[in-house]
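Trainee: Could you help me learn how to read a few features of a protein model, one at a time?

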Amino acid sequence: MFKKVFLLFACVLVVHVKIAAQDTAYAREVISALCSPEMAGRGYVNDGDAAAADYIKKQFEKLGLEAFDFNYYQDFSFPVNTFPGRVNLLVDGVKMKPGVDFIINPKSSTYKGKFDVLTLDSLAWDSLMRNPVVQDGMMGFSKLPVSNSREFNQKAEELSQKIFPAMLWRKERLTWSVATATDQSLEIDIVDSCLKTPPKLVEIDFETKFKKVHRTQNVVSYVRGTAQPDSFLVFTAHYDHLGIMGKEALFPGANDNASGVSMLLQLAKYFEANKAGYSIAFIAFAGEEAGLKGSEFYVRHPIFPLMQIKCLVNLDLLGTGEEGITVVNATEFPKLFAKMEKINIEKEYVTQVKKRGKAANSDHHHFTEKGVPSFFIYTLGGIKAYHDVFDKPETLPLTEYADVFRLIRDFALRVMGI
Ligand SMILES: [Zn+2]
């Protein structure tokens, strides 16, 4: 009896491990491809996002998914500030490493020069904000009157509009973003552990290029429904990331959002092999990091009526899961959320399915505003790399990846009444 039970248990375990390994093997393949140097951080330099779009399109073709009109692309454009060339910073003659030791405000214009640094602390902050000055040298701030990185970013934004050039000492990790406009401001965030003593002289050589029109594309495919082809389930994931900050700093965006794209493709693979009653569309958006540009364009130019979407699940940041998942819009669509919660209670896929209200923090947002029942799912716990050069495939754990896949798959089936 013991032996029998043990054998059965061993079998279940082997099958489970095998499925998990298969699921993550494809995910790993997709994530590594999307984070490779050829994709240049899936941004706006060296055709990075175009290379990523081409890869996704080829995956759709390979999996046998249909395009809506012979072409999987939905073309659009937006303006963006880029950093294709030199990004050199010397502090008292020592070269700083871009992305690791410092980042530049994404709005920056081209800058070259030597600056004496006047170091100030938080006491000088309020008076400077009241009477901003633009000086020949650089203002360095050893401390900002803030308690978290959100406040830091707000203060940095305030500062860059009023006082420049400026350099901010930062205790926490650096986070970068994308700007769709440029101005004369120059603000550098520097990790304070690189500064042994308050710096005296800073040498800068930054080359930026503002692209008024950056052409890009959403990549869209679908599997036709067998019973109600005019009813749609939609899965979305943005494939763009932050690109590069000069030749040395590449932002790979493994968690954000190669992980979500891999899940999108994994679901495409599943639903192509297991056709469902509803049609199921898969949209990989561009321009999310520049302000939800791809999804904004899509809802203005939907390929099929938005009214036909029964439910949309946006996948962004799915590489961890130690602490479960969060569902944005759970409180907006309680009946749909109850379905997901119930599946997780029955199957014990993840440790928690956390409710969250509305948030304009990813591509589901524009759909929600148009009345489409939409969720945004992201995983919780694990590594904290985010919008930095450390968000790499090698350190992305994919802890609950296979279980999150099963939960989303089961949820989709239940929405279709299966
Ligand atoms: Zn993202």
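Mentor: H2 and H5 are roughly parallel to each other, a label given to angles under 35 degrees, while over 145 counts as roughly antiparallel, 65 to 115 as roughly perpendicular and the rest as oblique. Keep in mind that this is a predicted model, in which local features need pLDDT of at least 70, side-chain atom pairs count only at pLDDT 80 or more, and totals for chains, interfaces and linings use all residues. Residues are numbered from 1 along each chain as its sequence is written, and side-chain values use heavy atoms, with hydrogens and water left out.

Trainee: At roughly how many degrees do the axes of helix H2 and H5 cross?

Mentor: Axes are lines fitted to C-alpha atoms, for helices over the stretch in contact, and angles run from 0 to 180 degrees between N-to-C directions. The axes of H2 (residues 48-63) and H5 cross at roughly 15 degrees and come within 10 Å. Helices here are DSSP runs (H or I, at least four residues), as are strands (E, at least two), numbered from the N terminus.

Trainee: Which residues make the contact of H2 with H5?

Mentor: Contact means heavy atoms within 4.5 Å. H2 contributes Ile56, Gln59, Phe60 and Leu63, and H5 contributes Val261, Leu264, Leu265, Ala268, Lys269 and Glu272.

Trainee: How do the axes of H7 and H9 cross?

Mentor: The axes of H7 (residues 334-347) and H9 (residues 401-415) also come within 10 Å, but cross at roughly 130 degrees, and H7 and H9 are therefore oblique to each other.

Trainee: Is the peptide bond from Asp256 to Asn257 cis or trans?

Mentor: Most residues other than glycine have a negative phi, and most peptide bonds are trans. The bond from Asp256 to Asn257 is cis, with omega near 5 degrees, and Asn257 is found in helix H5.

Trainee: What is phi of Ala40 near?

Mentor: Phi of Ala40 is near 45 degrees, a positive value in a residue other than glycine, and Ala40 lies in the loop between helix H1 (2-34) and H2.
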